[in-house]
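Colleague: Let us go through this model and test each label against its cut-off. Please show me the structure.

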Amino acid sequence: MDRRPGFSVRFKLTLSYAGFLVFAGLLLLTAVWVFLLRYVPDRAMLINPDDKPEGVFPVRSALLDVFAPRAAAVLAFLLVFGLVGGWVLAGRMLAPLTRITDATSRATKGSLSHRIRLPGRNDEFRELADAFDAMLARLEAHVAEQRRFAANASHELRTPLAISQTLLDLARNDPTQDLGEIVDRLHTVNARAIDLTEALLLLSRADQGTFSREPVDLSLLVEEAIETLLPLAERRGVTVETSGGIAPAFGSQALLLPLTMNLVHNAIVHNLPERGRVWVETGVGPETVVLTVENSGGKLSPQLVSTLTEPFQRATERIRDDHAGVGLGLAIVRRITEVHDGSLTLSPRAEGGLRVAVRLPASPPPLPEGHLIND
């Protein structure tokens with residue numbers, strides 16, 4: 001945005017200091033004139049020659065001739081002193097802004113690792129510098145996460161595209177190949193690419209944070225998710241158990257349903273090869289509702305569990321089937337939880353497997369019937 005050049009803040013503060021100092025001096029000289037010199041007679045006094053007065057009795061005009069130039073000299077000195085002193089004081093006062101401006105310029109050029117770290121006691125400049133450092137830290141972490149996510153997404157998308165290209169080349173160069181088998185494999189690869197693209201779009205939608213909030217019963221979402229994924233659980237030999245009651249959360253059903261689906265899907269897929277079990281529970285706290293999903297499985301280390309919410313991280317090796325997932329399930333869960341001002345907790349189970357707990361703000365209680373809100 002183009003703007004006309006103007007005076008610097010330091011110059012404006014200098015003029016303000018100098019102007020205030022000169023104005024204070026002018027008020028002082030005015031007070032001397034009003035309260036002292038006005039009592040001096042403006043004409044010469046006639047005295048008796050026989051009297052012997054002591055001291056000098058000047059007239060007002062004579063005092064004014066002496067007072068005016070000296071008052072002007074004092075005001076000129078105050079002006080110069082105010083300009084010089086104001087320039088120095090303004091420079092010292094605005095020195096922290098120079099460091100903040102330098103950090104801002106570096107951030108504009110792409111350097112987000114620089115920090116101001118302003119020393120001294122707590123004041124307005126220190127609070128501004130600390131807030132700016134915190135913003136830079138969050139921005140640096142966000143940018144690093146986005147770059148890592150973009151690199152992983154590019155890698156994951158390149159794999160199905162490369163496989164599709166290989167299958168198409170095989171069908172074109174070798175007419176003896178079974179086209180039906182190639183078409184089935186292309187369908188599987190294409191379905192995985194579509195799932196990945198939809199997951200990326202869902203993450204993008206969650207990052208935008210533009211959604212309306214309404215009361216949503218998590219227990220109903222759990223029922224819908226289990227009903228949808230029950231064939232997958234039966235095919236894998238996984239038993240799904242539910243418990244708890246109504247859990248009225250406050251958020252977007254369009255986002256909380258994928259959150260629930262991803263949690264249940266992950267619990268079913270990453271489970272024991274035989275006789276796996278999944279436990280889904282909903283609960284209500286004082287100000288939050290809790291959705292807990294646990295599953296049986298192999299032993300997981302706390303270090304591995306702490307990385308599972310990163311995009312494309314998996315607790316087990318990727319299984320090449322139609323329901324292996326694209327590695328974004330818990331990343332989507334984490335982001336949806338964050339935009340709903342909730343919390344996500346992952347912990348390994350002692351018997352093996354994973355426990356995931358999502359806490360979301362509870363829906364406010366409904367107003368009594370007939371209650372009116374006065375604006």
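**Labels and their cut-offs**

Modeller: Helix 7 is mostly covered, with 14 of its 17 residues buried. Buried means under 20% relative accessible area, exposed over 50%, and partly exposed in between, with a 1.4 Å probe and protein chains only. Helices are DSSP runs of H or I with at least four residues, strands are E runs of at least two, and both are numbered from the N terminus.

Colleague: What should I know about the source?

Modeller: This is a predicted model, where local features need pLDDT of at least 70, side-chain atom pairs count only at pLDDT 80 or more, and totals for chains, interfaces and linings use all residues. Residues are numbered from 1 along each chain as its sequence is written, and side-chain values use heavy atoms, leaving out hydrogens and water.

Colleague: How do you know that the span of helix 7 agrees with its 17 residues?

Modeller: The expected span is 1.5 Å times one less than the number of residues. For helix 7 (residues 253-269) that gives 24 Å, and the end C-alpha atoms are 24 Å apart, so the two agree.

Colleague: And the chain as a whole?

Modeller: The chain has nine helices and seven strands. Of its 375 residues, 31% count as buried. Contact means heavy atoms within 4.5 Å. Among contacts with a separation of 6 or more, 71% join residues 24 or more positions apart.

Colleague: Why is the pair of F77 and F81 called stacked?

Modeller: Rings of Phe, Tyr and Trp (its six-membered ring) pair if their centres lie within 6.5 Å; planes under 30 degrees apart count as stacked, over 60 as edge-to-face and the rest as tilted. A search of the whole structure finds one aromatic pair. The ring centres of F77 and F81 are 6.0 Å apart and the planes meet at 20°, so the pair is stacked. Both residues lie in helix 2 (residues 60-93), four residues apart, about one turn of the helix. An α-helix has 3.6 residues a turn, so residues three or four places apart point the same way.

Colleague: Is F77 buried or exposed?

Modeller: F77 has 54% relative accessibility, so F77 counts as exposed.

Colleague: Which residues make the nonpolar surface patch?

Modeller: F11, L15, L79, V80, L83, V84, W87 and V88 make a patch of about 670 Å². Helix 1 (9-35) and helix 2 are the elements that give two or more residues to the patch. Helix 2 gives the most, with six residues.

Colleague: What makes F11 partly exposed?

Modeller: F11 is found in helix 1. Its relative accessible area is 30%, so F11 counts as partly exposed.

Colleague: Why is R334 called buried?

Modeller: R334 has 16% relative accessibility, so R334 counts as buried. R334 is found in helix 9 (residues 329-339). Leaving aside neighbours within four places in sequence, R334 is in contact with E145, T309, E310 and L344.

Colleague: What about the phi of R117?

Modeller: R117 is not a glycine, yet its phi is positive, about 50°. R117 lies in the loop between helix 3 (95-108) and helix 4 (124-173). At 62% relative accessibility, R117 counts as exposed.

Colleague: Where does D341 lie?

Modeller: D341 lies in the loop between helix 9 and strand 6 (343-348). Its phi is near 60°, a positive value in a residue other than glycine. At 61% relative accessibility, D341 counts as exposed.

Technical notes
Patches are made of residues with over 30% relative accessible area and no salt bridge: like charges are joined within 9 Å, nonpolar side chains (Val, Leu, Ile, Met, Phe, Trp, Tyr) within 5 Å. Accessible areas come from the Shrake-Rupley method with a 1.4 Å probe; for residues, only the protein chains shown count as cover. A salt bridge is a side-chain nitrogen of Lys or Arg within 4 Å of a carboxyl oxygen of Asp or Glu.
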